[in-house]
Amino acid sequence: MNCFLCPRKCGIDRDNKNGFCSQKNVLKIANYSLHEWEEPCISYKKGSGAIFFSGCSLKCVYCQNYEISTLNVGQEITVNQLADIFKELDEKADNINLVNPTHFSSLIYEAVKIYKPKNPIIYNTHGYELESEIEKVSKFVDIFLTDLKYYSKELSLKYSQVPNYFEVASKALNKMLLLKPNKFDNGKMLQGVIVRHLILPNCYQDSKKILEYLSKHHKDITLSLMSQYIPCGKASEFNEINRKITQDEYDKIIEYAIKLGLDGYMQEISSADTCFIPKFSNKVI
Ligand code: SF4
(Lines give C-alpha, C1' and ligand atoms only; values in the text may rest on other atoms or scores of the structure.)
Protein backbone atom coordinates (compact mmCIF):
# COMPACT_ATOMS: atom_id res chain seq x y z
CA MET A 1 0.00 0.00 0.00
CA ASN A 2 1.47 3.37 -1.00
CA CYS A 3 1.97 5.52 2.08
CA PHE A 4 0.91 9.17 2.42
CA LEU A 5 0.60 9.23 6.22
CA CYS A 6 2.90 12.19 6.81
CA PRO A 7 3.62 15.49 5.03
CA ARG A 8 6.58 13.89 3.22
CA LYS A 9 3.95 12.04 1.17
CA CYS A 10 6.71 9.87 -0.27
CA GLY A 11 4.14 7.38 -1.57
CA ILE A 12 6.37 4.35 -0.98
CA ASP A 13 4.72 0.93 -1.08
CA ARG A 14 5.53 -0.01 2.52
CA ASP A 15 4.38 -3.61 2.01
CA ASN A 16 7.58 -4.03 -0.01
CA LYS A 17 9.99 -1.23 0.82
CA ASN A 18 11.02 1.12 3.62
CA GLY A 19 9.61 4.65 3.37
CA PHE A 20 11.59 7.83 4.05
CA CYS A 21 10.74 7.09 7.69
CA SER A 22 12.86 3.88 7.35
CA GLN A 23 9.90 1.63 8.11
CA LYS A 24 7.80 -0.96 6.33
CA ASN A 25 4.19 -1.63 7.19
CA VAL A 26 5.20 -3.64 10.29
CA LEU A 27 5.31 -2.24 13.82
CA LYS A 28 8.79 -1.90 15.26
CA ILE A 29 9.67 -0.73 18.78
CA ALA A 30 12.99 -0.27 20.60
CA ASN A 31 11.91 0.22 24.21
CA TYR A 32 8.84 0.44 26.39
CA SER A 33 9.10 1.55 29.99
CA LEU A 34 7.92 3.91 32.70
CA HIS A 35 9.13 7.49 32.35
CA GLU A 36 9.35 9.85 35.26
CA TRP A 37 10.95 12.82 33.50
CA GLU A 38 8.11 14.07 31.33
CA GLU A 39 6.14 17.21 32.31
CA PRO A 40 4.65 16.76 35.84
CA CYS A 41 1.06 16.50 34.53
CA ILE A 42 2.24 13.68 32.21
CA SER A 43 4.58 11.69 34.47
CA TYR A 44 2.16 12.43 37.31
CA LYS A 45 2.41 9.87 40.16
CA LYS A 46 3.21 6.49 38.60
CA GLY A 47 5.13 7.66 35.50
CA SER A 48 4.30 7.80 31.81
CA GLY A 49 4.13 4.49 29.93
CA ALA A 50 6.39 5.33 27.00
CA ILE A 51 6.62 3.16 23.88
CA PHE A 52 9.45 4.11 21.51
CA PHE A 53 8.76 3.29 17.88
CA SER A 54 11.62 2.77 15.45
CA GLY A 55 11.90 5.09 12.45
CA CYS A 56 10.84 8.70 12.03
CA SER A 57 9.36 10.76 9.24
CA LEU A 58 11.32 13.91 10.17
CA LYS A 59 14.88 12.71 10.89
CA CYS A 60 16.57 15.67 12.56
CA VAL A 61 20.36 15.56 12.26
CA TYR A 62 20.78 16.07 16.03
CA CYS A 63 18.05 13.60 17.13
CA GLN A 64 18.44 12.45 20.75
CA ASN A 65 16.93 9.12 19.68
CA TYR A 66 19.13 8.80 16.58
CA GLU A 67 19.67 5.09 17.21
CA ILE A 68 16.00 4.43 16.54
CA SER A 69 14.96 7.34 14.33
CA THR A 70 17.70 6.74 11.78
CA LEU A 71 19.81 3.69 12.62
CA ASN A 72 16.66 1.59 12.82
CA VAL A 73 17.37 -0.24 16.09
CA GLY A 74 14.29 -2.13 17.33
CA GLN A 75 12.23 -5.31 17.21
CA GLU A 76 9.34 -5.99 14.88
CA ILE A 77 6.12 -6.76 16.75
CA THR A 78 2.55 -7.59 15.80
CA VAL A 79 -0.54 -5.49 16.42
CA ASN A 80 -1.61 -8.02 19.06
CA GLN A 81 1.73 -7.68 20.86
CA LEU A 82 1.32 -3.89 20.89
CA ALA A 83 -2.15 -4.33 22.41
CA ASP A 84 -0.56 -6.53 25.12
CA ILE A 85 1.99 -3.77 25.83
CA PHE A 86 -0.85 -1.25 26.14
CA LYS A 87 -2.49 -3.52 28.71
CA GLU A 88 0.72 -4.01 30.70
CA LEU A 89 1.53 -0.27 30.76
CA ASP A 90 -2.08 0.65 31.51
CA GLU A 91 -1.80 -1.24 34.78
CA LYS A 92 1.54 0.36 35.77
CA ALA A 93 1.48 3.91 34.36
CA ASP A 94 -0.63 7.06 34.35
CA ASN A 95 -0.88 7.13 30.56
CA ILE A 96 0.31 5.48 27.34
CA ASN A 97 2.92 7.65 25.61
CA LEU A 98 3.48 6.90 21.90
CA VAL A 99 6.92 8.21 20.83
CA ASN A 100 7.00 9.04 17.73
CA PRO A 101 3.90 7.37 16.31
CA THR A 102 3.26 9.25 13.02
CA HIS A 103 4.43 6.58 10.54
CA PHE A 104 2.65 3.78 12.45
CA SER A 105 -0.60 5.59 13.26
CA SER A 106 -2.87 3.18 11.33
CA LEU A 107 -1.35 0.07 12.95
CA ILE A 108 -1.50 1.70 16.40
CA TYR A 109 -5.22 2.34 15.85
CA GLU A 110 -5.67 -1.39 15.12
CA ALA A 111 -3.98 -2.20 18.46
CA VAL A 112 -6.23 0.28 20.32
CA LYS A 113 -9.27 -1.51 18.86
CA ILE A 114 -7.99 -4.73 20.49
CA TYR A 115 -7.17 -3.12 23.86
CA LYS A 116 -8.45 0.39 24.67
CA PRO A 117 -6.41 1.77 27.62
CA LYS A 118 -8.30 3.22 30.58
CA ASN A 119 -5.60 5.89 30.91
CA PRO A 120 -5.08 8.73 28.40
CA ILE A 121 -3.19 7.99 25.18
CA ILE A 122 -0.49 10.52 24.30
CA TYR A 123 0.60 11.26 20.74
CA ASN A 124 4.20 12.39 21.27
CA THR A 125 5.17 13.93 17.96
CA HIS A 126 7.80 16.06 16.22
CA GLY A 127 4.89 18.21 15.06
CA TYR A 128 5.38 17.68 11.30
CA GLU A 129 1.91 16.27 10.76
CA LEU A 130 -0.93 16.43 8.26
CA GLU A 131 -4.09 18.07 9.59
CA SER A 132 -6.12 15.20 8.11
CA GLU A 133 -4.06 12.62 10.07
CA ILE A 134 -4.41 14.62 13.29
CA GLU A 135 -8.16 14.51 12.79
CA LYS A 136 -8.02 10.73 12.22
CA VAL A 137 -5.84 9.90 15.23
CA SER A 138 -7.92 12.13 17.49
CA LYS A 139 -10.43 9.23 17.53
CA PHE A 140 -8.09 7.35 19.86
CA VAL A 141 -5.65 10.00 21.13
CA ASP A 142 -6.38 12.13 24.23
CA ILE A 143 -3.26 14.28 24.51
CA PHE A 144 -1.04 15.80 21.84
CA LEU A 145 2.49 16.32 23.16
CA THR A 146 3.88 18.11 20.16
CA ASP A 147 7.08 19.89 19.23
CA LEU A 148 7.25 23.27 17.58
CA LYS A 149 10.87 23.17 16.51
CA TYR A 150 11.68 25.93 14.04
CA TYR A 151 10.23 29.11 12.62
CA SER A 152 12.90 29.55 9.96
CA LYS A 153 12.72 27.64 6.68
CA GLU A 154 16.51 27.66 6.46
CA LEU A 155 16.89 25.94 9.82
CA SER A 156 14.22 23.32 9.17
CA LEU A 157 15.75 22.51 5.80
CA LYS A 158 19.27 22.34 7.21
CA TYR A 159 18.52 20.25 10.28
CA SER A 160 15.35 18.28 9.36
CA GLN A 161 15.31 18.19 5.54
CA VAL A 162 12.00 20.02 5.18
CA PRO A 163 11.66 23.68 4.14
CA ASN A 164 8.04 23.98 5.25
CA TYR A 165 8.22 22.73 8.85
CA PHE A 166 6.65 25.80 10.47
CA GLU A 167 3.90 26.19 7.87
CA VAL A 168 2.86 22.53 8.30
CA ALA A 169 3.42 22.21 12.06
CA SER A 170 1.56 25.43 12.92
CA LYS A 171 -1.53 24.24 10.97
CA ALA A 172 -1.35 20.83 12.68
CA LEU A 173 -1.11 22.59 16.05
CA ASN A 174 -4.25 24.63 15.30
CA LYS A 175 -6.07 21.39 14.57
CA MET A 176 -4.84 19.73 17.78
CA LEU A 177 -5.98 22.70 19.86
CA LEU A 178 -9.39 22.67 18.23
CA LEU A 179 -9.88 18.95 18.82
CA LYS A 180 -8.47 18.53 22.33
CA PRO A 181 -9.10 21.34 24.84
CA ASN A 182 -7.15 20.88 28.09
CA LYS A 183 -8.72 18.84 30.89
CA PHE A 184 -6.99 18.02 34.16
CA ASP A 185 -7.95 15.97 37.18
CA ASN A 186 -6.08 16.88 40.34
CA GLY A 187 -2.92 17.78 38.38
CA LYS A 188 -3.06 14.85 35.94
CA MET A 189 -3.64 15.76 32.29
CA LEU A 190 -6.58 13.80 30.90
CA GLN A 191 -6.88 15.56 27.56
CA GLY A 192 -5.21 18.48 25.82
CA VAL A 193 -2.16 19.85 24.07
CA ILE A 194 1.34 20.64 25.32
CA VAL A 195 3.76 22.37 22.96
CA ARG A 196 7.42 21.56 23.44
CA HIS A 197 10.17 23.79 22.13
CA LEU A 198 13.68 22.36 22.30
CA ILE A 199 16.16 25.22 22.55
CA LEU A 200 19.05 24.70 20.14
CA PRO A 201 22.49 26.31 20.52
CA ASN A 202 22.97 29.49 18.49
CA CYS A 203 19.30 29.61 17.49
CA TYR A 204 18.13 32.34 19.89
CA GLN A 205 16.44 34.46 17.20
CA ASP A 206 14.45 31.48 15.94
CA SER A 207 13.31 30.51 19.44
CA LYS A 208 12.18 34.12 19.97
CA LYS A 209 10.05 33.95 16.81
CA ILE A 210 8.40 30.71 17.99
CA LEU A 211 7.57 32.35 21.33
CA GLU A 212 6.25 35.48 19.63
CA TYR A 213 4.03 33.36 17.38
CA LEU A 214 2.63 31.40 20.34
CA SER A 215 2.07 34.56 22.36
CA LYS A 216 0.23 36.21 19.46
CA HIS A 217 -1.93 33.24 18.38
CA HIS A 218 -2.15 30.87 21.35
CA LYS A 219 -1.52 32.96 24.46
CA ASP A 220 -3.02 30.36 26.83
CA ILE A 221 -1.14 27.39 25.43
CA THR A 222 0.67 25.02 27.80
CA LEU A 223 4.30 25.52 26.82
CA SER A 224 7.24 23.30 27.71
CA LEU A 225 10.63 24.93 27.16
CA MET A 226 13.28 22.25 26.94
CA SER A 227 16.95 22.66 27.77
CA GLN A 228 17.88 19.00 27.32
CA TYR A 229 19.61 19.36 23.95
CA ILE A 230 22.71 17.19 23.57
CA PRO A 231 24.53 17.00 20.22
CA CYS A 232 23.66 13.49 19.01
CA GLY A 233 23.45 11.81 15.62
CA LYS A 234 25.13 13.91 12.95
CA ALA A 235 25.28 17.11 15.03
CA SER A 236 29.08 16.96 15.01
CA GLU A 237 28.92 17.79 11.29
CA PHE A 238 27.33 21.17 12.16
CA ASN A 239 29.73 23.24 14.28
CA GLU A 240 27.10 25.71 15.46
CA ILE A 241 24.95 23.02 17.11
CA ASN A 242 27.77 20.76 18.26
CA ARG A 243 27.46 21.67 21.95
CA LYS A 244 24.88 21.86 24.73
CA ILE A 245 23.09 25.18 25.26
CA THR A 246 24.52 27.55 27.85
CA GLN A 247 22.77 28.71 31.02
CA ASP A 248 22.80 32.23 29.55
CA GLU A 249 21.04 31.06 26.36
CA TYR A 250 18.42 29.25 28.39
CA ASP A 251 17.86 32.15 30.81
CA LYS A 252 17.36 34.59 27.93
CA ILE A 253 14.66 32.41 26.37
CA ILE A 254 12.88 31.88 29.69
CA GLU A 255 12.94 35.62 30.39
CA TYR A 256 11.53 36.34 26.95
CA ALA A 257 8.73 33.77 27.38
CA ILE A 258 7.79 35.33 30.71
CA LYS A 259 7.89 38.83 29.21
CA LEU A 260 5.45 37.66 26.51
CA GLY A 261 3.09 36.27 29.17
CA LEU A 262 3.54 32.62 28.23
CA ASP A 263 3.19 29.98 30.92
CA GLY A 264 4.11 26.34 31.29
CA TYR A 265 7.03 24.09 32.17
CA MET A 266 10.73 24.88 32.27
CA GLN A 267 13.50 22.27 32.58
CA GLU A 268 16.64 22.42 34.69
CA ILE A 269 19.71 22.80 32.47
CA SER A 270 21.11 19.66 34.17
CA SER A 271 18.55 17.65 32.16
CA ALA A 272 20.97 17.84 29.19
CA ASP A 273 22.56 14.52 30.08
CA THR A 274 22.78 11.26 28.17
CA CYS A 275 21.53 9.42 31.27
CA PHE A 276 18.03 10.63 30.32
CA ILE A 277 18.17 8.97 26.89
CA PRO A 278 16.43 5.56 27.06
CA LYS A 279 18.37 2.38 26.32
CA PHE A 280 17.23 1.03 22.96
CA SER A 281 17.39 -2.58 21.92
CA ASN A 282 16.66 -5.03 19.08
CA LYS A 283 15.12 -7.37 21.68
CA VAL A 284 12.33 -5.68 23.59
CA ILE A 285 9.86 -8.49 24.27
S1 SF4 B 1 5.05 7.88 6.93
FE2 SF4 B 1 7.00 7.20 6.00
S3 SF4 B 1 6.44 6.15 4.10
FE4 SF4 B 1 4.64 7.31 4.79
S5 SF4 B 1 4.72 9.23 3.67
FE6 SF4 B 1 5.77 9.57 5.65
S7 SF4 B 1 7.95 9.13 5.30
FE8 SF4 B 1 6.79 8.30 3.56
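Reply: A crossing is left-handed if the near helix is turned anticlockwise from the far one by less than a right angle, and right-handed if clockwise. Helices (H or I, at least four residues) and strands (E, at least two) are DSSP runs, numbered from the N terminus. This is a predicted model, in which local features need pLDDT of at least 70 and side-chain atom pairs pLDDT 80 or more, while totals for chains, interfaces and linings use all residues. Residues are numbered from 1 along each chain as its sequence is written.

Me: Is the crossing of α3 and α4 left-handed or right-handed?
Reply: Helix α3 covers residues 79-92 and helix α4 covers residues 105-114. By the rule stated above, their crossing is right-handed.

Me: Which residues of α4 does α3 meet?
Reply: Residues are in contact if their C-beta atoms, placed from the backbone, lie within 7 Å. From α3, Val-79, Asn-80, Leu-82, Ala-83 and Phe-86 take part, and they meet Leu-107, Ile-108, Glu-110, Ala-111 and Ile-114.

Me: Which residues come nearest to the ligand?
Reply: A residue is near a molecule if its C-beta atom, placed from the backbone, lies within 6 Å of it. There are 14 residues around the ligand, and those that come nearest are Cys-3, Cys-6, Cys-10, Gly-19 and Cys-21.

Me: How many helices and strands does the protein chain have?
Reply: The C-alpha trace of the protein chain spans about 50 × 45 × 35 Å along its principal axes. Its secondary structure comes to nine helices and ten strands.

How values were computed. Axes fitted to C-alpha atoms, helices over the stretch in contact; angles between N-to-C directions. Contact = placed C-beta atoms within 7 Å.
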